[in-house]
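Reader: I am just starting to read protein structures, and I would like a careful look at one part. Please begin with a single residue and then take me on through the rest in connected steps.

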Amino acid sequence: MPNDPMKTIDTLYLIDDDDTYQFIVQRTLNSLNLVNSIKLFSNGKAAIDFLEATLHDIEQIPDVILLDLTMPIMDGWQFLEQYLRFRPRIGKKVVIFVVSSSIDPRDMQRAKSISEVTDYIIKPLTKSKLISMLHESLES
Amino acid sequence: MLSENSDKIQLFKYLEGIFTELEQQKIALDKSAIVAFTDIKGNITYVNDKFCEISQYSREELLGQNHRIINSGYHEPKFFRNLWKTIARGNIWSDDIRNRAKDGSYYWVATTIVPYLDASGKPYQYVSIRFDITKQKNQELELVRRSKQLEDFCFIVSHNLRAPLSNLLLLTSMIQESDDSEEQKELIGRLVKPVHLLNETFNELVESLQIRQDTDIEKVNLSFKDCLENAMEALNVAVLYPDIEVHHDFNEVPDLKYPKKYLDSIFQNLLSNAIKYQSPKRKLQIRIKSYLREGSTWLEFADNGLGINMKVQGHKLFGLRKTFHDNPDAKGFGLFITKSQIEAVGGMIYAESTQGRGTTFFIKFNAK
């Protein structure tokens with residue numbers, strides 16, 4: 001449980017091409033009242049373009065990113081690569097969770113080798129898992 | 001005098017016995033193993049017939065040459081450094097080596113190298129005794145490759161099934177937790193998409209697994225033109241993609257004796273692949289032709305789509321893929337199934353592609 005019940009996450013990016021998953025997570029987040037603003041992106045490129053355009057505005061920069069790996073146009077790995085380039089210009093702690101259907105240990109190791117990635121979550125992303133991830137983000 | 005003579009005769013007989021035995025052992029060794037002697041620098045001083053036979057070099061070509069002549073470049077320099085370190089110290093070295101024959105082909109030999117030591121314990125020459133294990137080694141490597149492939153297959157299948165399954169699990173628990181019937185209705189409506197995706201992915205999985213089982217599948221006479229028309233109808237090309245131009249030339253070979261299920265599937269997968277990866281910059285044009293070459297029927301299937309960089313992605317082209325969600329007709333099995341089907345009937349498929357220009361698939365149906 002959060003130390004401060006009023007504490008919430010300002011902005012969360014949900015990057016995943018699966019619209020059913022987007023619907024589920026968005027709905028769950030809304031019911032939890034822990035996140036003020038959720039931004040949905042269907043691939044890494046849409047997210048990175050938005051991030052770049054809003055780098056000057058600290059309010060818009062996400063506190064938490066839920067990132068899928070397998071996506072068209074720009075996948076999760078490419079997103080992370082681009083993100084690391086912007087990292088020095090982001091004046092804020094951003095917690096990134098990779099959320100994937102892949103149980104391939106190579107994917108897990110690769111994700112964990114990137115210091116910016118807090119954890120690797122295998123779908124399904126249940127409500128209780130989501131709550132503990134958000135609390136972890138709030139405490140960090 | 002007499003006894004001295006008989007001593008000599010006895011000694012001679014004794015030595016003769018030893019020589020004969022050594023001679024027999026040498027024959028036995030030469031008949032069973034690949035044998036070579038080298039000096040301490042690794043220059044070949046003796047080879048037996050088996051060595052010449054497997055390396056395809058004549059004795060004249062080998063004698064005086066350094067042993068590196070049959071090095072295949074497969075092993076790391078460390079591997080040979082360790083070999084030399086071991087035998088130079090007078091110790092026996094033993095391991096499997098891949099060598100290269102004169103014609104460039106490779107062979108594997110289980111090798112033991114024994115140093116011959118002088119009175120001070122220093123090696124003055126080496127004998128290498130080898131056994132041909134090419135067949136076993138290739139089987140071993142093939143087994144490793146296959147189990148790796150199987151592992152990848154499992155990971156990808158699990159990924160592609162897990163994605164819709166996860167959504168179904170979450171949606172059903174949301175339905176159970178909800179007490180608002182309107183909300184439940186909306187959630188139930190959301191089940192349709194993942195259920196269908198799961199079903200289609202499952203069907204493709206079953207189809208790709210069946211290929212290996214029906215080796216006795218019936219072959220019938222099929223017209224290329226009919227198959228193409230069937231595929232275009234199945235994909236609803238006329239309605240969904242009216243702008244596509246499909247040119248075909250089946251005059252040289254109009255038909256083929258082949259499993260109907262496979263040829264239909266090959267046309268469908270190639271066609272949907274071309275549609276999926278068409279360039280947004282130009283109208284999709286597909287050119288298909290059949291012809292006879294060296295007794296085999298070939299099919300060429302060319303598009304002017306996005307193309308891929310064969311160097312970077314070529315190896316993935318016919319592999320299984322983790323799938324995207326917003327591409328409903330991409331379940332990651334298409335070209336993998338096509339390749340498996342073609343190979344199951346003894347044929348082959350490969351592709352040439354230029355990024356930004358298009359891709360051409362070449363299919364050789366079966367060698368006569």
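Author: In this predicted model, Pro72(A) is buried, because its relative accessible area is 12% and buried means under 20%. Pro72(A) sits in the loop of chain A that runs between strand E3 (64-67) and helix H3 (76-86). Between the C-alpha atoms of Pro72(A) and Leu130(A), which are 58 residues apart along the chain, the separation is 25 Å.

Is Asn167(B) buried or exposed? Asn167(B) is buried, with a relative accessible area of 3%, and, leaving aside residues up to four places away in sequence, it touches Asp18(A), Thr20(A), Tyr21(A) and Ile24(A), along with Pro194(B).

Chain B itself is divided into domain 1 (33-132), domain 2 (135-210) and domain 3 (216-368), and the C-alpha centres of domain 1 and domain 3 of chain B lie 49 Å apart. Chain B also has an open sheet of five strands, in the order E7-E9-E10-E12-E11, but here the pairing is mixed. Strand E7 (245-249) and strand E11 (348-354) of chain B are at the edges with a single partner strand each, so one side of each has no neighbour in the sheet. The twist in this sheet averages 15 degrees from one strand to the next. E7(B) pairs with strand E9 (residues 285-293) of chain B in the parallel sense over five bridges, and in E9(B) the bridge partner of Asp249(B) is Lys289(B). Helix H7 (residues 224-234) of chain B lies across E7, E9 and strand E10 (296-303) of chain B, at about 165 degrees to E7(B), while helix H9 (residues 260-276) of chain B packs on the sheet by touching E9, E10 and strand E12 (358-364) of chain B, its direction making about 20 degrees with that of E10(B).

The largest nonpolar core has 44 residues, of which Phe224(B), Tyr258(B), Leu263(B), Phe267(B), Phe361(B) and Phe365(B) touch the most other members. H9(B) supplies the largest share of this core, eight residues, and the core lies between domain 2 (135-210) and domain 3 (216-368) of chain B, because both give residues to it. Apart from this core lies another, of 26 residues, including Phe41(A), Met74(A), Phe86(A) and Val117(A).

How values were computed: Residues numbered from 1 in each chain as written. Chains lettered and ligands numbered in written order. Predicted model: local features only at pLDDT ≥ 70, side-chain atom pairs only at ≥ 80, totals over all residues. Heavy atoms only, no water. Domains from an automatic or database assignment. Pairing = 2+ DSSP bridges. Helix = DSSP H or I, 4+ residues; strand = E, 2+ residues; numbered from the N terminus. Axes fitted to C-alpha atoms, helices over the stretch in contact; angles between N-to-C directions. Contact = heavy atoms within 4.5 Å. Core = buried A, V, L, I, M, F, W, Y, C linked by side-chain atoms within 4.5 Å. Buried < 20%, exposed > 50% of the residue type's maximum accessible area, 1.4 Å probe, protein only.
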